[in-house]
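I opened the model today and kept notes as I went. The entries follow in the order of looking.

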Amino acid sequence: MKILVAVKRVVDFNVKVRVRADGSGVETANVKMSMNPFDEIAVEESIRLKEAGIATEIVVVSCGVQACQETLRTALALGADRAILVETEVELQPLAVAKLLRAIVQKESPQLVILGKQAIDDDCNQTGQMLAALLGWSQGTFASKVKISDRKAEVTREVDGGLETISITMPAVVTTDLRLNEPRYVTLPNIMKAKKKHMEVLKPDALGVDVTPRLKTLKVEEPPKRKAGARVHDARALVAKLRNEAKVIA
Ligand code: AMP
């Protein structure tokens with residue numbers, strides 16, 4: 001079984017995000033970029049399926065600027081077999097990415113596509129669902145456990161009230177939640193080996209996909225600054241403050 005994994009290059013989760021001075025978006029110049037954490041989980045899951053003898057090939061795909069090659073190299077160092085970069089300078093929105101991924105799916109014919117449940121930069125949580133809809137495939141979103149057997153996938157999903165387990169037919173789209181697995185670290189020898197693995201670079205035009213943005217970001221703002229706390233001397237002062245000053249926030 002071939003697995004396709006989508007990996008996005010995002011601002012590293014340890015970096016304090018800054019909004020551009022003109023409010024047009026998030027500052028990405030001279031900022032450390034990394035693989036979206038949910039996509040690391042997606043890559044890890046595909047490697048575990050390969051180690052278990054269920055997957056035979058893992059192809060990783062990223063859509064975006066040339067520097068996404070670094071993200072793909074990381075995925076190759078982790079254990080993916082091949083990489084595809086759909087290179088464009090255009091700012092990609094989820095529908096455009098879903099269409100690009102559909103074109104790659106049509107070219108590669110995987111049985112399973114694994115994506116992160118959301119990218120930590122735009123928090124859209126849309127691409128996996130849109131891809132499944134475009135392909136007319138089953139989907140198991142927010143997966144915290146995936147079991148594959150007999151052309152079916154049993155996906156345990158994290159829902160508000162607890163866990164829901166569904167059975168879906170393959171081919172399918174699965175999106176990863178935080179508790180699905182704990183990704184391994186990249187080792188130096190594997191970084192060296194990854195340099196020899198194959199990376200194909202395609203343009204959206206070659207895939208027949210129009211990636212022109214459909215939404216316009218009007219404004220991006222920083223969250224309001226938290227006010228400094230105050231120290232009280234004893235429990236009596238605390239109770240008085242709670243009684244007279246504390247407000248219930250609906
Ligand atoms: P989003 O819908 O933007 O929150 O992204 C959900 C998931 O879609 C991510 O975790 C990735 O697996 C995938 N994805 C989104 N954008 C890209 C991209 N530019 N390249 C590759 N995969 C992407």
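**Entry 1: salt bridges**

I count a salt bridge when a side-chain nitrogen of Lys or Arg is within 4 Å of a carboxyl oxygen of Asp or Glu. The model is predicted, so I ask for pLDDT of at least 70 for local features and 80 or more for side-chain atom pairs, while totals for chains, interfaces and linings use all residues. Residues are numbered from 1 along each chain as its sequence is written, and side-chain values use heavy atoms, with hydrogens and water left out.

By the salt-bridge rule I get a count of 17. I looked up Glu 164 and Arg 157 and found their side chains joined in a salt bridge, at 2.7 Å from N to O. For exposure I take buried as under 20% relative accessible area, exposed as over 50%, and partly exposed as in between (1.4 Å probe, protein chains only). Arg 157 is buried at 15% relative accessibility. Glu 164 is partly exposed, with a relative accessible area of 33%.

Next I took Lys 50 and Asp 81. Their closest N and O atoms are 2.7 Å apart, in a salt bridge. This pair links distant parts of the chain, 31 residues apart: Lys 50 is in helix α1 (residues 37–51), and Asp 81 is in the loop between α2 (68–78) and β5 (82–87). My helices (H or I, at least four residues) and strands (E, at least two) are DSSP runs, numbered from the N terminus. Lys 50 is partly exposed at 29% relative accessible area. Asp 81 is partly exposed too, at 23%.

Then I checked Arg 82. It forms a salt bridge with Glu 57, with 2.8 Å between the closest N and O atoms. Here too distant parts of the chain are linked: Arg 82 sits in strand β5 and Glu 57 in strand β4, 25 residues apart. Arg 82 counts as buried, at 18% relative accessibility. Glu 57 is partly exposed, with a relative accessible area of 22%. Both belong to a network of salt bridges that links Lys 2, Glu 57, Arg 82 and Glu 108.

**Entry 2: the ligand**

Which residues come nearest to the ligand? I noted Asp 39, Cys 63, Ala 119, Asn 125 and Thr 127, out of 18 residues around it. A residue is near when one of its heavy atoms lies within 4 Å.

I then listed polar contacts, meaning pairs of N or O atoms within 3.5 Å; within protein, one atom must be able to donate a hydrogen and the other to accept it, and residues adjacent in sequence count only if both atoms are side-chain atoms. Gly 116 places a backbone N or O atom 3.0 Å from a ligand oxygen. Asp 122 has a polar side-chain atom 3.1 Å from an oxygen of the ligand. For Cys 124, a polar backbone atom is 3.4 Å from a ligand oxygen.

On its own the ligand has 480 Å² of accessible area, and the protein covers 98% of that. Two elements give two or more residues to the shell: β4 (57–64) and β6 (112–116). β4 gives the most, with three residues.

**Entry 3: Ser 138**

I found Ser 138 in strand β7 (residues 138–149). Is Ser 138 buried or exposed? It is buried, at 19% relative accessibility. Its side chain reaches the backbone oxygen of Thr 169 at 2.8 Å.

I compared Leu 112 with Leu 188. Leu 112 lies in strand β6 and is buried, at 0% relative accessibility. Leu 188 is in helix α5 (residues 188–194) and is exposed, with a relative accessible area of 61%.

**Entry 4: the whole chain**

How many helices and strands does the protein chain have? I count six helices and eleven strands. The C-alpha atoms fill a box of roughly 70 × 45 × 40 Å along the principal axes. Of the chain's 250 residues, 41% count as buried.

Methods
Areas by Shrake-Rupley, 256 points an atom, 1.4 Å probe, with all protein chains shown as cover.
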